Amino acid sequence: MKAFNTKIIAVSNQKGGVGKTTSAVNIAAFLAITETPTLLIDMDPQGNASTGVGIDVSPKTKTIYDVLINNKNINSCIKKTEIKYLDIIPSSSNLAGAEIELVSMFTRESVLKEALKKVRGKYKYIIIDSPPSLGLLTVNVFTAVHSLIIPIQCEYYALEGLSQLLNTVRLIQNNLNKKLEIEGILITMYDSRL
């Protein structure tokens, strides 16, 4: 099997309803249909990226929560999707409590980064659907990725949250992930009538 120089990209915005999950799923699916081995990681407790690619999460399903909190091997949590080159690590509602459980952990900001070392080289791209907040789950994501895509809704108030997100990015760059870059800003929900 060919080893890839894996690029890890997060789709992130702390504001909900901006098309973050839709963008993450579509970017991952597009990469997969071009026969590029891609892993989608659903870090949002709502789990919409998981259901968006057809994964039915039951109480017995191993999820990203098991990787972060229960120290499960990340490879055991990967699920195949109906798209040939697209795999996913699903989310579950348990992830909502992970913020509190991570607080007492040693090197809590880099749990995801350490786990991802076991799948680097297996995929060309790893796309992460971040939670709609700037808590410890998002800090874990920003510490683990190479770059961010920031979806922004086409409205004035969307810019207010952007400055808070960029401030968090600067803090992460200064303290946890000096190589973190902003891949780009993705304009979503454009309506030419407005």
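## Nonpolar cores

A nonpolar core is here a set of buried Ala, Val, Leu, Ile, Met, Phe, Trp, Tyr and Cys residues joined through side-chain atoms within 4.5 Å. The model is a predicted one, and its largest nonpolar core holds 41 residues, among which Leu116 and Ile128 touch the most other members. Helix 6, covering residues 136–144, supplies the largest share of this core, namely six residues.

Once neighbours within four places in sequence are set aside, Ile128 is in contact with Ile8, Ile9, Ala10, Val11, Ile41, Met43, Leu112, Leu116, Val141 and Val145. In soluble globular proteins, nonpolar side chains tend to be buried together.

## Asp44

Asp44 lies in the loop that runs between strand 2 (38–42) and helix 2 (48–52). Its relative accessible area is 3%, which is under the 20% limit, and Asp44 therefore counts as buried. Beyond its neighbours within four places in sequence, Asp44 is in contact with Lys20, Thr21, Ser91, Leu95, Asp129, Ser130, Pro131 and Pro132.

## Helix 1

Helix 1 comprises 14 residues (residues 20–33), and because each residue is taken at 1.5 Å, the helix should span 20 Å, which agrees with the 20 Å that separates its end C-alpha atoms. The buried residues in helix 1 are Lys20, Thr21, Ser23, Ala24, Val25, Ala28, Ala29, Leu31 and Ala32. After helix 1 comes Glu35, whose phi is positive, near 60°.

Note on methods. Residues numbered from 1 in each chain as written. Predicted model: local features only at pLDDT ≥ 70, side-chain atom pairs only at ≥ 80, totals over all residues. Heavy atoms only, no water. Buried < 20%, exposed > 50% of the residue type's maximum accessible area, 1.4 Å probe, protein only. Helix = DSSP H or I, 4+ residues; strand = E, 2+ residues; numbered from the N terminus. Contact = heavy atoms within 4.5 Å. Expected span 1.5 Å × (residues − 1).
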